Amino acid sequence: MDHSATSTFLNGSSYFIELTYIIASIFFILGLKNMSHPDSARKGMFLAEAGMLMAVIGTLMNREIVSYEWIIGGLVLGSIVGALMAIWVPMTAMPERTALSHAFGAAAAALVGIAEYSIQYSAGVLAELPKFKVGALGFEIMLGALTTTGSLIAAGKLKGVIKGTPIQFKGQNAVNMLVFLVMISCFFYILLNPTAQPVFYTMVGLAVLFGVMLVIPIGSADMPVVMSLLNSYAGLAAAATGFVLGNNVLIIAGTLDGFSGLILSILMCKAMNRSITNVLFGGFGAVVAEAAAAGAGGTMREITPEDAAVQLAYAKKVVFVPGYGLATAQAQHAVRELANKLEERGVEVKYGIHSVAGRMPGHMNVLLAEANVPYEVLYEMDQINPEMSTTDVCVVIGANDVVNPDARDNPKSAIAGMPIIEVDRAHSVIVLKRGQGRGFSGLENPLFFKSVTTMLYGDAKVSLTNLAQAVQNI
Ligand code: NAP
């Protein structure tokens, strides 16, 4: 190729790269839009995956790549790890898996930033870099580093390898604030004196420490909100990486990720009637023992599958309220089976879905969609609550915190003010759970002691299968 042909080829390839990035960004936006409704969520995932494929192809065409060996090695290794995780990690462990993914994504952003800093430092051109680029670099590394350790602690708490209750000490908020202020001061110092390597690495170290300090005082019950916030940070770190590397798709995808994470955190806080500051600094879960005592007492009444089946079979309207127990028991097909049997008898069946039921946003919707439960019979908390007083039987399937009336009735409860599905307003409540186990918050639930409530003990899938059989026999 002569010189002009080479430059035409390079220009052509950079146009091609930008084109793939624009298409990838369109796919990401359409993917997000489709993911906002259960009906189209699967399509949204495929669109987002197609977008990511386009972005990877575009990046591989980059003419600055001098050798593909390491890239191919990384791709193969990453694909194998990803595929194995998809096969081995059960649905119930999805939150800690997601936390690990955030940690890896954020570590990648931080490492790219540190590598970029070292390259520019060795080339002796750091001082000439535009301030905006130095700022983006510092921002990327700071957010990336603190998100990495924060997400690792979140994964450890959710997995149970780190104590799930808030780890607190006297003066914690002041210490955290000090670490944060020194870290930010280092950031501004670097902005003015980019070559001050010791200050740069102090900032990295403090960010690593701050990630740990930020998450240890938060209880595992609040981890979903924290993860969604960390997801937002990882997205913003990626966007900053995009500015540093001049990569448009990273800027767009990172910003989308950053803001969707933030919106999700706000929505989750709203569903729990908490503020973000309360989640981050409230130490929720530390006062569980004393709050629990205020809530409950009395005895629980047990019911047999046969008696419960009679109530269900002769009801006009039945509402199922699923929770985390439905997920652990993998009882989604069994509940559909029972619903079919009831509908065959003319019973009106609906599902009440709390937005934080289970262990991740949309957990119940995903499970019920897998069992082909039609979306039209899934009702959000605000839609189903007004119907409770006209419901004959409410079947609580492995749900606990999201139906805890203490949140409504006991101002001293640790979950006071959290919106709940008010199952205790139904004519009769049947609770399916294995025993006396508490919910994620660790609180006692007075619902189980109420006169409208009866308990059907056992694994949710087994109980639902027995109920379907008993309804069939009537
Ligand atoms: P929950 O409060 O955690 O209660 C689940 C109940 O299911 C337990 O009381 C347990 O009692 C029962 N259970 C467990 N395995 C079972 C099985 N195989 N069969 C039957 N029952 C079983 O669940 P929830 O009402 O869904 O509330 C969710 C909680 O998790 C909230 O506190 C929420 O803030 C938090 N959270 C939510 C998310 C999210 O984004 N959705 C993420 C993380 C945490 P037994 O042991 O007696 O069976």
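View 1. An oxygen atom of the ligand lies 2.9 Å from a polar backbone atom of Gly 437. For Phe 440, a backbone N or O atom is found 3.0 Å from an oxygen atom of the ligand. A nitrogen atom of the ligand is 3.2 Å from a polar backbone atom of Ala 357. The protein covers 96% of the 920 Å² of accessible area that the ligand has on its own. A polar contact is a pair of N or O atoms within 3.5 Å; within protein, one must be able to donate a hydrogen and the other to accept it, and residues adjacent in sequence count only if both atoms are side-chain atoms. Accessible areas come from the Shrake-Rupley method with a 1.4 Å probe, and for residues only the protein chains shown count as cover. The model is predicted: local features need pLDDT of at least 70 and side-chain atom pairs count only at pLDDT 80 or more, whereas totals for chains, interfaces and linings use all residues. Residues are numbered from 1 along each chain as its sequence is written, and side-chain values use heavy atoms, with hydrogens and water left out.

**View 2. The shell around the ligand.** The ligand is surrounded by 31 residues, the closest being Pro 224, Arg 359, Asn 400, Asp 401 and Arg 434; a residue is near a molecule or strand if one of its heavy atoms lies within 4 Å of it. Both α13 and β5 (428–433) supply at least two residues of the shell around the ligand, and the largest share, four residues, comes from α13. Helices (H or I, at least four residues) and strands (E, at least two) are DSSP runs, numbered from the N terminus.

**View 3. Helix α15 and its cover.** In helix α15 (residues 363–370), the buried residues are His 363, Met 364, Leu 367, Leu 368 and Ala 369. Buried means under 20% relative accessible area, exposed over 50% and partly exposed in between (1.4 Å probe, protein chains only). The cover of these buried residues includes β1 (317–322), α13 (324–329), α14 (332–344), β2 (348–353) and β3 (378–380).

**View 4. Two loop residues with positive phi.** Most residues other than glycine have a negative phi. Asn 372, although not a glycine, has a positive phi of about 60°, and its place is in the loop between α15 and β3. Asn 372 is exposed, with a relative accessible area of 56%. Gln 330, also not a glycine, has a positive phi of about 50° and is placed in the loop between α13 and α14. Gln 330 is partly exposed, at a relative accessible area of 32%.

**View 5. Lys 341 in helix α14.** Lys 341 lies in helix α14 and counts as buried because its relative accessibility is 17%. Leaving aside neighbours within four places in sequence, Lys 341 is in contact (heavy atoms within 4.5 Å) with Ala 468, Val 471 and Gln 472.

View 6. The chain holds 18 helices and six strands, and 47% of its 474 residues count as buried. Its C-alpha atoms fill a box of roughly 85 × 55 × 35 Å, taken along the principal axes. Among contacts between residues at least 6 apart in sequence, 78% join residues at least 24 apart. The chain exposes about 22,600 Å², of which carbon and sulfur atoms supply 65%.
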